[in-house]
Amino acid sequence: MLGGSGNGEAMVANRIRGVRCSLCWNVESARLARAHNDANVLSLGERLLSEEEALAILRVWMATSFQGGRHLRRIQEIDGF
């Protein structure tokens, strides 16, 4: 998702059951969103990032898998299982 800051888009997306939208501002936040929070939607602030930064974030976000383990219980609670 793209928006001015990405905040509003992430808030709206997270109201949809099963969506775990993460607002990412650098590659580390993208990596952790996927690895620790199993984010399945990415939100970016187009006014806050250069095209190069946004693409780098997207690449890391797409390449990172959920680690599971100690993080799984939190995801199950979020999803209401």
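Predicted model: local features only at pLDDT ≥ 70, side-chain atom pairs only at ≥ 80, totals over all residues.
Stop 1: Select strands β1, β2 and β3. They form an open sheet of 3 strands. Read across it and the order is β1-β3-β2, with parallel pairing. Now colour residues 2-3 and 21-23. These are β1 and β2, the edge strands, and each pairs on one side only.

**Stop 2: β2 beside β3.** For a landmark, pick cysteine 21 and look across to β3: valine 41 stands opposite.

**Stop 3: the helix on the sheet.** Select residues 51-63. This is helix α3, and it packs on the sheet. Which strands does α3 touch? It touches β2 and β3. Look along β3 next: the direction of α3 makes about 165° with that of the strand.

Stop 4: The crossing is right-handed.

**Stop 5: the helix contact.** Show side chains on both helices. From α2, select Val27, Ala30, Arg31, Ala33 and Arg34. In α3 they meet Ala56, Ile57, Val60, Trp61 and Met62. What classes of residue make up the contact of α2 with α3? There are 8 nonpolar and 2 charged residues, and no polar ones. Arg31 and Arg34 are among the α2 residues here, and Arg counts as charged.

Notes
Residues numbered from 1 in each chain as written. Heavy atoms only, no water. Pairing = 2+ DSSP bridges. Helix = DSSP H or I, 4+ residues; strand = E, 2+ residues; numbered from the N terminus. Contact = heavy atoms within 4.5 Å. Axes fitted to C-alpha atoms, helices over the stretch in contact; angles between N-to-C directions. Left-handed = near helix turned anticlockwise from the far one by under 90°.
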